[in-house]
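Reader: I would like to learn how to read a structure such as this one, one feature at a time. Please give the general idea first and then the case at hand.

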Amino acid sequence: MNDLTKDAAPLGNAPRPNFMFNQQHYSHFRPQAPQVFNITGSTGVHIGPVIHQVQPRPAPPYNPADLPLRRDVYALLQCERVVSEEEKLIVSEHLGEVWTTLGRLMGFSSGQLENLKADYSRSQDRSHEMLNMWHDREAEGATMKALTTHLLDAKAYAVVKRLRA
């Protein structure tokens, strides 16, 4: 109690009870001004009916060990070669649930993504079919450079790490 001080001004009178009472029977009850304390140098103090909980910061969606090397990313971003079937298999095997984010970044509509989800039960099959659709749509523009850019935007670093230029 040594760190508490009573030098602040009271905020008002104590609320009066909302019932009628006989002052003779309740002579010990005297409304008093509330006491106000300044609490310094403390954290986590709760006063009043509202509780504000601080949410912990979420972990990043990727593991730092999955980050590809800068030189490998640079080589992939310079590669103008069309994506091969083997590379589409590698991407679809390691993409997981990020396939919807990648699909949005590749320009697929929500309806197209929902159709893929309805047609294929496994996310690996969904992502492989989506990559085939992207490859067919883009034709000569379906390069390693374009795929790597989309994967980096989707934060699918573990997938980029497995690709080679």
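Author: In this predicted model, the buried residues of H2 pack against H3, H5, H6 and H7.

Reader: Which residues of H2 are buried?

Author: They are Glu 87, Lys 88, Val 91, Ser 92 and Leu 95.

Reader: Why do the buried residues of H2 line one face of the helix?

Author: The general idea comes from the turn of the helix. An α-helix has 3.6 residues a turn, so residues three or four places apart point the same way. In H2, looking down the axis, the buried residues fall within an arc of 135 degrees, so they line one face of the helix.

Reader: What covers the buried residues of H6?

Author: The cover includes H1, helix H2 (85-95), helix H3 (99-105), helix H5 (123-138) and helix H7 (157-162).

Reader: H1 is on that list. At what angle do H1 and H6 pack?

Author: Helix H1 (residues 70-78) and helix H6 (residues 144-153) pack at an angle of about 130 degrees, and their axes are 6 Å apart. To name such an arrangement, one needs the cut-offs: over 145 degrees counts as roughly antiparallel, and 65 to 115 as roughly perpendicular. H1 and H6 are therefore oblique to each other.

Reader: Which residues make the contact between H1 and H6?

Author: H1 contributes Val 73, Leu 76 and Leu 77, while Met 144, Lys 145, Thr 148, Thr 149 and Leu 152 come from H6. By type, the residues of this contact divide into five nonpolar, two polar and one charged. Met 144 and Thr 148 are also among the buried residues of H6.

Reader: Now the backbone. How should I read a positive phi?

Author: Most residues other than glycine have a negative phi, and most peptide bonds are trans. Here, Ala 139 is not a glycine, yet its phi is positive, at about 55 degrees. Lys 155 is another residue other than glycine with a positive phi, near 60 degrees.

Reader: Where do Ala 139 and Lys 155 lie?

Author: Ala 139 is in the loop between H5 and H6. Lys 155 follows H6 and lies in the loop between H6 and H7.

Reader: Are Ala 139 and Lys 155 buried, exposed or partly exposed?

Author: Buried means under 20% relative accessible area and exposed means over 50%, with partly exposed in between. Ala 139 has a relative accessible area of 42% and is partly exposed. Lys 155, at 42% relative accessibility, also counts as partly exposed.

Reader: How many helices and strands does the protein have?

Author: The protein has seven helices and zero strands. Of its 165 residues, 24% count as buried. Its accessible surface comes to about 12200 Å², and 52% of that belongs to carbon and sulfur atoms.

Terms used:
Residues are numbered from 1 along each chain as its sequence is written. This is a predicted model: local features need pLDDT of at least 70, side-chain atom pairs count only at pLDDT 80 or more; totals for chains, interfaces and linings use all residues. Side-chain values use heavy atoms; hydrogens and water are left out. Axes are lines fitted to C-alpha atoms, for helices over the stretch in contact, and angles run from 0 to 180 degrees between N-to-C directions. Helices (H or I, at least four residues) and strands (E, at least two) are DSSP runs, numbered from the N terminus. Angles under 35 degrees count as roughly parallel, over 145 as roughly antiparallel, 65 to 115 as roughly perpendicular and the rest as oblique. Contact means heavy atoms within 4.5 Å. Ala, Val, Leu, Ile, Met, Phe, Trp, Tyr, Cys and Pro count as nonpolar, Asp, Glu, Lys and Arg as charged, and the others, Gly among them, as polar. Buried means under 20% relative accessible area, exposed over 50%, partly exposed in between (1.4 Å probe, protein chains only). Accessible areas come from the Shrake-Rupley method with a 1.4 Å probe; for residues, only the protein chains shown count as cover. The arc is that of the directions from the helix axis to the C-beta atoms.
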